[in-house]
Amino acid sequence: MGVKRKAAAAILLLLLCLGSLWLHGGLDYQWDSCLKGYNQINKDQLHQLSNSSEADETKGPPVLSLCPGQTFQVSVLVSHLLAARAYTSDVLLQPYLSSWDELIKFMESLGPMVSLISNEIETKTTIIRQLALLSERSPEAEVGPDMHSRNSENSQTGEKNSVRVSQGRGAYNSVRSMIWMELKQGIVDFNQQTDSGCRTLLRLHRALLWLKLFLQKLAETPTSGRLRSPSDLCREAYQTTLSHHHTWFVRRAAELAFIALPERGFFFRLVCVQNQEELSEVLTRVVDAIGEIYDRTQKVLEENKMLDLP
């Protein structure tokens, strides 16, 4: 009888927690907070749990662990990227910006020249965070209950899929909720520059593609010949992506910064691996996680015709 009572109490506690999260929205993202209240997990275990969710399903690569002595932690980056996924087509802004915090550390580790680029990116993440704080103080900016779900037409299959707009932390909880609110309030300007969250997100989105392509190239192992220098790979990734949106002066400054990039051995130490094969395994995990967030963001921006905001 004692066991049954304990089980009933545990179920009741779980239902109360779920009910509270449902009323506040964002159930998927806040599920971990419910579990933490029941059983505290230390920081290392949390990182392992987050970044191993896909590895466990496929019996693939081992869990990424913390790298001693490094400010940038690849395991933390992957954890944030995985946490940013909301439903099937949305991106939660808080873990998305936390992912950028870790990517900024990555860029800063590459030397003072690249830090100039990371400083510009940090101003972008600050803008969105400040907009989120202002939104929390403004009741008019809250996402209405009718935005909890909406139907979107699938361009390939013609089927209607329910696309949930993540709520729970105001209008700047997710990419979709932010875009919906800023369009509704006329914050987005399609003709001139503004400090809207949508325009700022687009700049971060473009930079994310550059870093994704650079890490992807760095992970590649040629079947023959020598490994190419990170400097050349980073410059190529930039020329394919961000350079199309920069002035001549900015392009020259960026390419000068890439010349000063460290050699490949530095990246081995940065993520605590011994050789190119191990580096490739780690970076492939990172690139896959970045790729999903990039694709989701690209889809939302494209749906709202925001890929060319001034």
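This is a predicted model: local features need pLDDT of at least 70, side-chain atom pairs count only at pLDDT 80 or more; totals for chains, interfaces and linings use all residues.
Trainee: How much space lies in the second largest pocket?

Mentor: The general idea first: rolling a probe the size of a water molecule over the atoms shows where empty space is left. Here, the second largest pocket holds about 540 Å³. It has 20 lining residues, and Ile-117, Glu-120, Leu-242, His-246 and Val-250 sit closest to its centre. Helix 7 (112-136), helix 9 (197-219) and helix 11 (248-259) each give two or more residues to that lining.

Trainee: What about the aromatic pairs?

Mentor: A pair of aromatic rings is described by the distance of the centres and the angle of the planes. This model has 6 such pairs. Take Trp-210 and Phe-258: the ring centres are 5.8 Å apart and the planes are at 35°, so that pair is tilted. Trp-210 belongs to helix 9 and Phe-258 to helix 11, so the pair ties together parts 48 residues apart in sequence. For Phe-266 and Phe-267, the centres are 5.5 Å apart with planes at 85°, so this one is edge-to-face. Both Phe-266 and Phe-267 are in an aromatic cluster with Phe-72, Phe-106 and Phe-214.

Trainee: Last one: is helix 5 enclosed or open, and why?

Mentor: Count its buried residues: 8 of 10, so helix 5 is largely enclosed by the rest of the structure. Val-78, in this helix, is buried at 2% relative accessible area.

Notes: Residues are numbered from 1 along each chain as its sequence is written. Side-chain values use heavy atoms; hydrogens and water are left out. On a 1 Å grid over the protein atoms alone, a cavity is a set of points where a 1.4 Å probe fits but cannot get out, and a pocket is an open set with protein on both sides within 12 Å along at least five of seven lines; lining residues have an atom within 4 Å of a point. Grid points are joined across faces, edges and corners, and a volume is the space filled by probe spheres set on the points. Helices (H or I, at least four residues) and strands (E, at least two) are DSSP runs, numbered from the N terminus. Buried means under 20% relative accessible area, exposed over 50%, partly exposed in between (1.4 Å probe, protein chains only). Rings of Phe, Tyr and Trp (its six-membered ring) pair if their centres lie within 6.5 Å; planes under 30 degrees apart count as stacked, over 60 as edge-to-face and the rest as tilted.
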